[in-house]
Amino acid sequence: MKNYSKFGYGLSVIGTALVLLWIGIFKFTHAEANAIKGLVEHSFLMSWMLNIASLQGVSNFIGVFEIATGLLLIASFWNKNLGKIGGILSVLIFLSTISFLFTTPGVWRSVEGVPITDFFILKDLTLLGVSLQVLDRSLSPT
């Protein structure tokens, strides 16, 4: 059982890092900057950035933040201090994106009486769990 747990943890962290790296790189495109506009402009955590930078500038900043966090998550396998930073940053990222479920108009709708949302945001609950595991392991004394 220990081997599955260790493998599962490693796979989860690498998967989370890969998602952050890939999406972070994509933030440098015009298409992604436009795609996040509605999310950012309605977010109490991020909308202020549009007052000091262009939409592309905000998207680029978020991309740098995501790429750095992905790299720190990978580094967590070798360095607990970098793991602490990566864990904290990824928790902040995924709490922010989960908040979009409550701040963005039109994210929730009903299809044949079943409430649905944009599931690309909902998956961040799982990634938040991985981030908390990284933070926990990085804070443990052994």
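Predicted model: local features only at pLDDT ≥ 70, side-chain atom pairs only at ≥ 80, totals over all residues.

Biologist: OK, then start with Thr-97. Which backbone oxygen does the side chain of Thr-97 reach?

Modeller: That of Phe-94, at 3.1 Å.

Biologist: And where is Thr-97 in the fold?

Modeller: In helix H4, which covers residues 80-103.

Biologist: Is Thr-97 buried or exposed?

Modeller: Buried, because its relative accessibility is 14% and the cut-off for buried is under 20%.

Biologist: What does Thr-97 touch, leaving out residues up to four places away in sequence?

Modeller: Ile-121 and Asp-124. There's also a C-alpha distance for Phe-120: it sits 23 residues from Thr-97 in sequence, and the two are 9.8 Å apart in space.

Biologist: Let me zoom out. How many helices and strands are in the chain?

Modeller: Six helices and two strands. In sequence order the pattern reads α-α-α-α-β-β-α-α.

Biologist: What are the rough dimensions of the box that the C-alpha atoms fill?

Modeller: Along the principal axes, roughly 45 × 40 × 25 Å. The chain has 142 residues, and 40% of them count as buried.

Biologist: Where does UniProt put the transmembrane regions?

Modeller: The unreviewed entry places them at residues 7-28, 48-75 and 87-108. In the model, residues 7-28 are 91% helix and 0% strand, with end C-alpha atoms 32 Å apart. Residues 48-75 come out at 75% helix and 0% strand, and their end C-alpha atoms lie 31 Å apart.

Biologist: Contacts next. What share of them join residues at least 24 apart?

Modeller: 67%, counting contacts between residues at least 6 apart in sequence.

Biologist: Now the loops. Where is Ser-43?

Modeller: Between helix H2 (30-41) and helix H3 (55-75).

Biologist: Which backbone nitrogen lies 3.2 Å from a polar atom of the Ser-43 side chain?

Modeller: The one of Met-46. As for Ser-5, its C-alpha is 36 Å from that of Ser-43, and the two residues are 38 apart in sequence.

Biologist: And Ser-76, where is that one?

Modeller: In the loop between H3 and H4. Ser-76 is buried too, at a relative accessible area of 12%.

Biologist: What does the side chain of Ser-76 reach?

Modeller: The backbone oxygen of Leu-73, at 2.5 Å. Leaving out residues up to four places away in sequence, Ser-76 touches Val-13, Gly-83 and Val-134.

Biologist: Switching to the strands. Where does Arg-109 sit?

Modeller: In strand E1, residues 109-111. Arg-109 is partly exposed, with a relative accessible area of 41%.

Biologist: Which residues does Arg-109 touch, skipping those up to four places away in sequence?

Modeller: Val-114, Pro-115, Ile-116, Thr-117 and Asp-118. A polar atom of the Arg-109 side chain also lies 3.3 Å from the backbone oxygen of Val-107.

Biologist: How far is Arg-109 from Glu-66?

Modeller: Their C-alpha atoms are separated by 29 Å, and the residues are 43 apart along the chain.

Biologist: What about the loop between E1 and strand E2?

Modeller: Glu-112 is found there, and E2 spans 114-116. Phi of Glu-112 is near 50 degrees, a positive value in a residue other than glycine.

Biologist: Why point that out?

Modeller: Because most residues other than glycine have a negative phi.

Biologist: Last one: is Glu-112 buried or exposed?

Modeller: Exposed, because its relative accessibility is 81% and the cut-off for exposed is over 50%.

Conventions: Residues numbered from 1 in each chain as written. Heavy atoms only, no water. UniProt positions renumbered as here; feature names shortened; annotations may be inferred. Helix = DSSP H or I, 4+ residues; strand = E, 2+ residues; numbered from the N terminus. Buried < 20%, exposed > 50% of the residue type's maximum accessible area, 1.4 Å probe, protein only. Contact = heavy atoms within 4.5 Å. Polar contact = N/O pair within 3.5 Å; in protein donor to acceptor, adjacent residues only side chain to side chain.
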